[in-house]
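Here is a friendly tour of one model, written for someone who likes to know the cut-offs behind each term. Have the coordinates open and follow along.

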Amino acid sequence: MDSPTVRQLDYLGAVYYLTLASGYPPSTRDIAASEGVSHNAAQEAMTRLAEAGLVSFVPGRSRTLSLTDKGHAFMSDMKPDGITLVQSRTGQLYTRIWWKE
């Protein structure tokens, strides 16, 4: 993968900003809820990002999802147009990220 797609950027940004907001790594279910997709779709996206070397996780273990050095370097170069973090009444964090075109 030369450069992530806009959708992959959304997932990568969700991992990055949910970790910053909560202080601990998000679960795949957190990513799925934040992005409004199924758990399987979020898991597939994380697998693709791991294959690209942007995230790492231990399959079957909770909250091991993190950005790699390459992922952190990529995110430090990216400047989103806007970020919204919303916390529901149940405590779930949701992200909305707008990327420059």
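## Ser62 and its loop

Ser62 sits in the loop between E1 and E2; strands here are DSSP runs of E with at least two residues, helices are runs of H or I with at least four, and both are numbered from the N terminus. Ser62 counts as exposed because its relative accessibility is 59%. The classes are buried for under 20% relative accessible area, exposed for over 50% and partly exposed in between, using a 1.4 Å probe and protein chains only. Ser62 and Ser27 are 35 residues apart along the chain, with 6.2 Å between their C-alpha atoms.

A word on the source: this is a predicted model, in which local features need pLDDT of at least 70 and side-chain atom pairs count only at pLDDT 80 or more, while totals for chains, interfaces and linings use all residues. Residues are numbered from 1 along each chain as its sequence is written, and side-chain values use heavy atoms, with hydrogens and water left out.

## The largest pocket

How big is the volume of the largest pocket? The value is about 220 Å³. Of the 15 residues in its lining, Thr28, Gln43, Gly60, Arg61 and Ser62 are the closest to the centre. Helix H2 (28-35) and helix H3 (39-51) are the elements that contribute two or more residues to this lining.

A pocket here is an open set of points on a 1 Å grid over the protein atoms alone, where a 1.4 Å probe fits and protein lies on both sides within 12 Å along at least five of seven lines; lining residues have an atom within 4 Å of a point. Grid points are joined across faces, edges and corners, and the volume is the space filled by probe spheres set on the points. Sorted by class, the lining holds five nonpolar, seven polar and three charged residues. Nonpolar covers Ala, Val, Leu, Ile, Met, Phe, Trp, Tyr, Cys and Pro, charged covers Asp, Glu, Lys and Arg, and the others, Gly among them, are polar.

## Salt bridges within helices

Searching the whole structure turns up four salt bridges, each a side-chain nitrogen of Lys or Arg within 4 Å of a carboxyl oxygen of Asp or Glu. In one of them, Asp10 pairs with Arg7, with 3.4 Å between the closest N and O atoms. Both residues belong to helix H1 (residues 6-22), where they are three residues apart, about one turn of the helix. Asp10 is buried at 16% relative accessibility, whereas Arg7 is partly exposed at 35%. A network of salt bridges links Arg7, Asp10 and Glu35.

Arg48 and Glu44 form another salt bridge, their closest N and O atoms lying 2.9 Å apart. These two are four residues apart in helix H3, so about one helical turn separates them. Arg48 is partly exposed, with a relative accessible area of 45%, and Glu44 is also partly exposed, at 39%.

Which residue meets the side chain of Asp30 in a salt bridge? The partner is Arg63, at 2.7 Å from N to O. This pair joins distant parts of the chain, 33 residues apart: Arg63 is in the loop between strand E1 (55-56) and strand E2 (66-67), and Asp30 is in helix H2.

Arg63 counts as partly exposed because its relative accessibility is 35%, while Asp30 is buried at 15%. Setting aside neighbours within four places in sequence, Asp30 has contacts (heavy atoms within 4.5 Å) with Leu18, Arg63 and Gln92.
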